[in-house]
Amino acid sequence: MKQREISAAVIRRLPRYYRYLGELLQNDVVRISSKELSNRMRVTASQIRQDLNNFGGFGQQGYGYNVEYLHSEIGKILGLDVQHNMIIIGAGNLGQALANYNFEKVGFNLIGIFDTNPRLKGVSVRGIEIYMMDMLDEFVATHQVDVVTLTVPKRQAVEIGHHLEEIGIRAIWNFAPTDLNVSEDVCVKNVHLNESLMTLSYEYRAMHTQDEESGRD
Ligand SMILES: NC(=O)c1ccc[n+]([C@@H]2O[C@H](COP(=O)([O-])OP(=O)(O)OC[C@H]3O[C@@H](n4cnc5c(N)ncnc54)[C@H](O)[C@@H]3O)[C@@H](O)[C@H]2O)c1
């Protein structure tokens, strides 16, 4: 499939399409119209058509979308048709919580966890061992590591980011609240749960302000 330049907004919506289509597949739904999909996803049917047209459509007039095909094509666009090996650096509260989550179901296999705290040495989370940081370079040299999840304190994150680039890591899922300052050769996705919470706070307040205003009428 030929891909042209896709806007970041469309790319951001793809995981949601992928998730909904995955649920439909699990429920043995074979095909779906853009109208039905739009009702479920609360996105307009025309938005769905426009989004999917970026990748050549996938739909047939009067037939709708073939769920399995669309799910697998979006999966390919997102790079989910291949397995990725992932390690976590920082086995504290967040690192262990993430390690306990099954990212394997979207193709990210956790193969190692690293920390500097000697009390964690040899401890396993979901059967995956926590190694000490002095093992990291050797581990990366002897295993295919595609993605590093970074859950260390902010003050350690930048230095670790540099080191990861030096040893050849090209994708970092960064939870530390700081910019990593690595080169453009490294793909970094920052996750800030606080920002999502702040947006919720904004929307919640806006909703209440509206309620109060309409109550006053
Ligand atoms: N992005 C988000 O939404 C979000 C949410 C919560 C926490 N955080 C951030 O995630 C990070 C971890 O938070 P937490 O609550 O799990 O903290 P934590 O203190 O429980 O865990 C941090 C772990 O990192 C380890 N560590 C410290 N220096 C290290 C190094 N040089 N190499 C390897 N491991 C090292 C510590 O031993 C500890 O186990 C923090 O930066 C925090 O601000 C981000």
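Visitor: Why is R126 called exposed?

Guide: R126 has 12 other C-beta atoms within 10 Å, and a residue counts as exposed if 12 or fewer such atoms lie within that distance, as partly exposed in between, and as buried if 20 or more do, the C-beta atoms being placed from the backbone. R126 is therefore exposed.

Visitor: What kind of model is this, and how are the residues numbered?

Guide: This is a predicted model, in which local features need pLDDT of at least 70 and side-chain atom pairs count only at pLDDT 80 or more, while totals for chains, interfaces and linings use all residues. Residues are numbered from 1 along each chain as its sequence is written.

Visitor: Where does R126 lie, and what is its phi?

Guide: R126 sits in the loop between β6 (124-125) and β7 (128-132), where strands are DSSP runs of E with at least two residues, helices are runs of H or I with at least four, and both are numbered from the N terminus. Although R126 is not a glycine, it has a positive phi of about 50°. N181, in the loop between β9 (171-174) and β10 (187-190), is likewise not a glycine and has a positive phi of about 60°.

Visitor: How do you know that N181 counts as exposed?

Guide: N181 has 12 C-beta neighbours inside 10 Å, so it counts as exposed.

Visitor: What makes G90 and A91 buried?

Guide: G90 has 25 other C-beta atoms within 10 Å and is therefore buried, and A91 is buried because 23 other C-beta atoms lie within 10 Å of its own. G90 is in the loop between β4 (84-89) and α5, and A91 lies in the loop between β4 and α5.

Visitor: Which residues surround the ligand, and what does the record list as a binding site?

Guide: The ligand is surrounded by 25 residues, of which the closest are G90, G92, N93, L94 and L193; a residue is near a molecule if its C-beta atom, placed from the backbone, lies within 6 Å of it. At least two residues of this shell are supplied by each of α5 (93-100), β5 (108-115), α7 (154-166) and α8 (193-216). The unreviewed UniProt entry lists G90, A91, G92, N93, L94 and G95 for "binding site", with positions in the numbering used here, a shortened feature name, and the caution that annotations may be inferred rather than shown by experiment.

Visitor: How do the residues of that shell divide into nonpolar, polar and charged?

Guide: The shell around the ligand holds 13 nonpolar, ten polar and two charged residues, where Ala, Val, Leu, Ile, Met, Phe, Trp, Tyr, Cys and Pro count as nonpolar, Asp, Glu, Lys and Arg as charged, and the others, Gly among them, as polar.

Visitor: Why are α2 and α3 called roughly perpendicular?

Guide: Helix α2 (residues 34-41) and α3 pack at an angle of about 110°, with their axes 8 Å apart, the axes being lines fitted to C-alpha atoms over the stretch in contact and the angle running from 0 to 180 degrees between N-to-C directions. That value makes α2 roughly perpendicular to α3, since 65 to 115 degrees counts as roughly perpendicular, under 35 as roughly parallel, over 145 as roughly antiparallel and the rest as oblique.

Visitor: Which residues make the contact between α2 and α3?

Guide: S34, K35, L37 and S38 of α2 meet A45, I48 and R49 of α3, and the residues of this contact divide into three nonpolar, two polar and two charged. In the record, an unreviewed entry, the UniProt annotation "DNA-binding region" covers residues 16-55, a stretch that is 70% helix and 5% strand.

Visitor: What makes Q50 and A97 exposed?

Guide: Q50, in helix α3 (residues 45-53), has 12 other C-beta atoms within 10 Å and is therefore exposed. A97, in helix α5, is exposed because 11 other C-beta atoms lie within 10 Å.

Technical notes:
Two residues are in contact if their C-beta atoms, placed from the backbone, lie within 7 Å.
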